[in-house]
Amino acid sequence: MGRWQLLQGAAGGQGAAEARLFAKEGAKVVATDFNYELLEQTIKSINDEIGSEGVLGLKHNVASEEDWETVVSETVNRFGKVDILINNAGILGSLSTDITGYSREDFEKVMEVNTTGKFLGIRAAVPEMKKNGGSSIVILPFEHDFKKHFIPINQLHN
Ligand SMILES: NC(=O)c1ccc[n+]([C@@H]2O[C@H](COP(=O)([O-])OP(=O)(O)OC[C@H]3O[C@@H](n4cnc5c(N)ncnc54)[C@H](O)[C@@H]3O)[C@@H](O)[C@H]2O)c1
């Protein structure tokens, strides 16, 4: 594959699986997460498995503009470019409640990570990606968070 990709939310779940898969295919992966302890364990296990240092880990909160600037510039300084951005980090919010028990603070926290975080990542990475003559941005959806909370209109009439 020979491409550099920047993937966040990579300590566990789908992000860790994606980092493993791409590293095995030969991509160089910059994997980030705000759970740095778990991220380090995940990266060690991937690098041990592929027998190289193909995955680099950085601590990163996707809701922070400063963190995005650091992660993009660190990637470019160390590896020269960003080919692929995978906006994977996401949180679920209060899945145990229905819409009437879902606080504004919780909703705004989900929006900050799942929506603002993706916007900040794209805005930070695009200037570098434009220099490569062809790049990809993947945005993981989070619609299932809301399906659980927002009752379809037809059910409100029952
Ligand atoms: N698992 C599913 O069935 C499913 C379905 C549809 C969409 N998605 C989306 O795919 C993505 C990954 O899902 P998952 O199930 O692997 O989730 P997960 O909870 O297992 O992993 C998410 C990772 O993101 C990290 N993270 C959370 N907030 C962060 C932040 N502010 N900054 C940096 N890292 C942060 C967590 O530490 C964790 O490692 C999410 O965006 C989710 O909404 C998942």
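Ala31 has Gly57 of strand 3 as its bridge partner. Helices (H or I, at least four residues) and strands (E, at least two) are DSSP runs, numbered from the N terminus. This is a predicted model: local features need pLDDT of at least 70, side-chain atom pairs count only at pLDDT 80 or more, and totals for chains, interfaces and linings use all residues. Residues are numbered from 1 along each chain as its sequence is written.

- Five strands form an open, parallel sheet in the order 3-2-1-4-5.
- Strand 3 (55-59) and strand 5 are at the edges with a single partner strand each, so one side of each has no neighbour in the sheet.
- Strands 2 and 3 pair in the parallel sense over five bridges; pairing takes at least two DSSP bridges.

**Core**
- The largest nonpolar core has 30 residues; Ala19, Val29 and Ala31 touch the most other members.
- Such a core is a set of buried Ala, Val, Leu, Ile, Met, Phe, Trp, Tyr and Cys residues joined through C-beta atoms within 7 Å.
- Buried means 20 or more other C-beta atoms within 10 Å of the residue's own; exposed means 12 or fewer, and partly exposed lies in between, with C-beta atoms placed from the backbone.
- Helix 4 gives the largest share of this core, five residues.

**Helix 4**
- Buried residues of helix 4 include Val113, Gly117 and Leu120.
- The buried residues of helix 4 pack against strand 1, helix 3, strand 4 and strand 5 (136-139); contact means C-beta atoms, placed from the backbone, within 7 Å.

Conventions:
Two residues are in contact if their C-beta atoms, placed from the backbone, lie within 7 Å.
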